[in-house]
Every structure is written in structure tokens, then in C-alpha cells.
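Q: Could we go through this model step by step, taking for each feature the general idea and then the case at hand?

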Amino acid sequence: APLPFSSRDAMNGWAGWVRGSLYLSDYLSKLDWTATKAAKDGGSVTLHYGGQPFLRLERPGMGLFRCQARRVRAYAEQRSDRAAEIMTQLGFPVDYFAQLLGLNSARNPATLELISATQVLAAHTAMVAKHHLACRRPDRIDTLVMPMLSTPGHGTFPSAHACEAFSVATVLTGLLRTRAAAKHYADSAKRIILLEKMAERIAVNRTVAGVHFPIDSWAGAAMGIAIGQIILAKCGIAATPSPASSYTAIDSDFNLTELKLRPAENGLVATGTPLNAAASDIFGWLWDKTLAEYKLG
């Protein structure tokens, strides 16, 4: 008998890299953007999903980046303490999130696949904004920054590491709020806080390393939270999404408290209605596989 046509059940028989390709294709089919050039060297990028805008990023001016470079230099004194973390977070730092939930490849392959897919989708989205905004890295603006690792071959704003980390924290927070995971983890509320702090730590480590400005993390975190909510919606989770927002950077540091409690004072403001992405069969398949890993017994 032939296999079912266009069925989510076919995902059970596909290789991991094939499923990864399908997640990416499904997600990108609804992603769009507009790049608007402004006077002199200004401009902005607005990201849309399913025709709905969810984030607008203004290109920071060179004067602001020069002010931010002083902040980057000040973070350099933490390099000796954070060097091991920084060097093991160069790629996708799945293990740093896995340890907070006690995940392993034997029991939690679907959860790890969800984390990996989220990071890949976030990275692709960040590269769109990076390309159009085309902002120089700290060591190209201030020779005294002297980063502790090779400067990546793409723009600085927004930070892809921040985007990926906060998208993963958002998706895993959605997971921990399900009935199945809440029964599995008696302290799920505390773990949610740790997920957010881990995302903050990963983002700030890139400034410590000398390859990102604090405002890059602001833009990346805003993007990551929105992407995480889009992925949850595609998984069929009725999460309450954040309103569409706009980020116009000012010379501020980045930390979780400011992001959660005082975003408008730091340039991140709500501009529209929340985005509600449509559910997807293949993301729903992955979510169901993930939830099954938290059945007790």
C-alpha cells in the first residue's frame, strides 16, 4: 500500500535532516520583510509573518555605536571568568538549555530537535535583518575592543546569538507551561526564570567577547521572543503573543530586568496588535512528540 499523501505521519519515517529542512521551509514560506532606506545612512527593516508585521528595527547611527564601544571595552574585564562559556557557545549552545531541564538524547530526542529547529529558524531570520541593516562590528569601530575570538562574517545588529537564545527560552517556557511538563517538573516556574537568565547570559557573553554591542542584544532578544511565539503558534499552542514592536536604539546596557520591566525607556515600544500565526501540521507533529516525553510513569 502507498504511504499516506501529504500526511504529518510521514514525518515518523524521515531522517532528521529531512525534518529539519521541512521545518525551515514551512517557517520561511510565511516570513517576509521590507527594507526602507532613510536620509543619509539611516534605514529600517520591518519583519512580517503571514502578512502581519511583528518587529521593526531602526538602523543605529555611527555615533551611537561609538558610544556603545566604550561599554564593550568595559565588559572585557570579565573575559577570564567567562572564557570557557564563550568558547563553547560559538555555535548553537543546545547543551546550556538542556542542562536546565535535565534533557538527554535517549529520553528527549524530540525536545532537542525542537530546540535545534528553533535556533536554526531564529538564525535565518536574524541574517535577513543583519544583511539589510549592515552594521559594523565593534572592532571595526574601535581598535581598543580587541575581541577574544574571530569576528563573525556578518553584521553586528541584531545579535543572532541573542535572537536564538531568547527564541529557545520562549519556546521552552511554553513547553513548561503545559500540563504534561508542569507535572513532570514540580519546580517549572523556577526553571522558566533560569531559562530567561540563560538567554540573557548567552547574549551578554557576546559583548564580553567583544563581538557585539549591548544594543545588538536588545534587538536580537526582541526578535527572538517574537520568533519563539510564532513557533509556539505553529505548534498549535494558544500562547498570548506580544504586540508588534519597534526598536530604536539608545545608548543603554542590556539586561533581563530592563528588557522585561522597562523596554520603552530603552527604545523598544509596542506598535500594533499581537501576531497570531497559523498552526502547522509538521510543527504540530514535533510538539506532540515533545509532549510525549514528559508523561510520567
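A: We can begin with confidence: pLDDT is the predictor's confidence in each residue, from 0 to 100, while helices (H or I, at least four residues) and strands (E, at least two) are DSSP runs, numbered from the N terminus. This is a predicted model, in which local features need pLDDT of at least 70 and side-chain atom pairs count only at pLDDT 80 or more, whereas totals for chains, interfaces and linings use all residues. Residues are numbered from 1 along each chain as its sequence is written, and side-chain values use heavy atoms, with hydrogens and water left out.

Q: Which elements have the lowest and the highest mean pLDDT?

A: Helix H8 (residues 179-184) has the lowest, at 89, and helix H5 (residues 109-133) the highest, at 98. For the chain, the mean pLDDT is 95, with 99% of its residues at 70 or more.

Q: Is proline 274 buried, partly exposed or exposed, and which residues is it in contact with?

A: Buried means under 20% relative accessible area, exposed over 50%, and partly exposed in between (1.4 Å probe, protein chains only); because its relative accessibility is 34%, proline 274 counts as partly exposed. Proline 274 lies in strand S5 (residues 268-274) and, leaving aside neighbours within four places in sequence, is in contact (heavy atoms within 4.5 Å) with Gln52, Pro241, Ser242, Pro243 and Ala244.

Q: How many residues are in the largest nonpolar core?

A: A nonpolar core is a set of buried Ala, Val, Leu, Ile, Met, Phe, Trp, Tyr and Cys residues joined through side-chain atoms within 4.5 Å. The largest has 91 residues, and those with the most contacts inside it include Phe54 and Tyr247; helix H10 (residues 214-234) supplies the largest share of this core, 12 residues.

Q: What is the volume of the largest pocket, and which residues are the closest to its centre?

A: On a 1 Å grid over the protein atoms alone, a pocket is an open set of points where a 1.4 Å probe fits, with protein on both sides within 12 Å along at least five of seven lines; lining residues have an atom within 4 Å of a point. Grid points are joined across faces, edges and corners, and a volume is the space filled by probe spheres set on the points. The largest pocket holds about 880 Å³ of space, and of the 35 residues that line it, Thr170, Ile225, Gln229, Thr240 and Ser242 are the closest to its centre. H10 gives the most to this lining, with seven residues.
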